[in-house]
Amino acid sequence: MTYCHGAIFHLIAGSTLALVWFSRLLDAALGMPKVADISRPEWDRKPATRDGNPRVSIIVPARNEEEHIGPALTSLLKLDYENYEVIAVNDRSTDRTGEIMDRIAATPEAGSHLKVVHVADLPPGWLGKVHAMWSAANHASGDWLLFTDADVLFRPDVLTRALAYAESEPADHLVLFPRMIMRSPGERMMIAFFQTLFVFGHRPWKVADPKTKDHMGVGAFNLIRRRVYDAVGSYQALRFEVLDDMKLGKIVKNARYAQRNVYGANLISLRWAKGAMGMVDNLTKNFFAIMSFQSWRMLLSAFALAFLNLMPFLGIWLAHGWERLPYAVALASIFAIYVGMSWESDIPAYYFVLHPVGAALFVYIMLRSMLLTLARGGVVWRGTFYSLQELKRGMV
């Protein structure tokens, strides 16, 4: 009787896992090729507009980024696009970030391209980064606004290519996926798992379809027409939103503007975190917000994540005979996703064997994010405390 119950369990669990993973693999395999790659030769051209090159305002918020802000601004000042400005915002930094910004702005290379805005105080009802981006946009003169982060490195031709694509489509909001710089096995393992999780949570190939709710936003490269930014309420509509980059994509899509996301090889690159535990620290502030600060959703999602990602590896050992077949299908599907990632990134396919370790760490991140937020009564982000009550009230 016990063996019979075990066989039924493995039949149900294994079949569920095989169906979920294989269907997601198939969906991604058919959908991903539809996402354009603007690093290809056909996008190495000027934007096709009647008024020539549209003006672009590049907005770079930074708080305590003395390690990264210099290389980031230097790469922006080497863009081969002519009609642009960079607005760097020193958001209440307590290190040398503001000093470095001012020094670079005073160099001949900066010319008239770089403006520096210093924010000394944070008004009530705002997250620091969102307020910094909103403040900079108020100083911007561009037809397009490009919101990026202070640790992103730009290749000189990225803006020309992005605008050529955006004006050709035409798109109102364009997201470019960055290349991740990974310098340790822990970083590769965590980013590999994150990208696998991304396949479940988002469908980049559906973002362009106005009939779906799929939307996208990436802090490294959110390019949006100024008139659309104003029409959706600007960042003032997201003034207390932790997930500001994704939520910008959401309000643009909900307002039925044309949204696109693209690949770009190494057109932009960044190092997201130092080591596996750096990823843990970086993501802790986000995960409870992703679940709308609802404990029941977080616990349910943590269980689902553990089941989907750990059970295929456990089931193949715990099951017997033919019961192992559906687990094998699930594992083969996960491995195929890693093979696909290895074609587009610096993550070798053999990192598949570390998938369970990544899953366990992500479950830990989810629970840690919830417990720390509840214990503190809010989130500490870049040295500023934001209460849970305010965060819930400010969610979009």
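I began with F154, which stands opposite I268 in β10; strands here are DSSP runs of E with at least two residues, and helices are runs of H or I with at least four, numbered from the N terminus. The model is predicted, with local features needing pLDDT of at least 70 and side-chain atom pairs counting only at pLDDT 80 or more, whereas totals for chains, interfaces and linings use all residues. I kept in mind that residues are numbered from 1 along each chain as its sequence is written, and that side-chain values use heavy atoms, leaving out hydrogens and water.

I then followed the sheet: β5 and β10 (residues 268-270) run antiparallel and are joined by two bridges, which meets the pairing criterion of at least two DSSP bridges between strands. The open sheet has three strands in the order β5-β10-β7, with mixed pairing, and its edge strands, β5 (153-154) and β7 (179-180), each pair on one side only.

Next I looked up helix α9 (residues 275-290), whose 16 residues reach 23 Å from first to last C-alpha, close to the expected 22 Å, the expectation being 1.5 Å times one less than the number of residues. I noted a kink of about 45 degrees centred on L283, the bend being the angle between axes fitted to the seven residues ending there and the seven starting there. Twelve of the 16 residues are buried, so α9 is largely enclosed by the rest of the structure; buried means under 20% relative accessible area, with a 1.4 Å probe and protein chains only. The cover over these buried residues includes α6 (185-201), α10 (295-318), α12 (355-376) and β11 (378-381).

How values were computed. Buried means under 20% relative accessible area, exposed over 50%, partly exposed in between (1.4 Å probe, protein chains only). Contact means heavy atoms within 4.5 Å.
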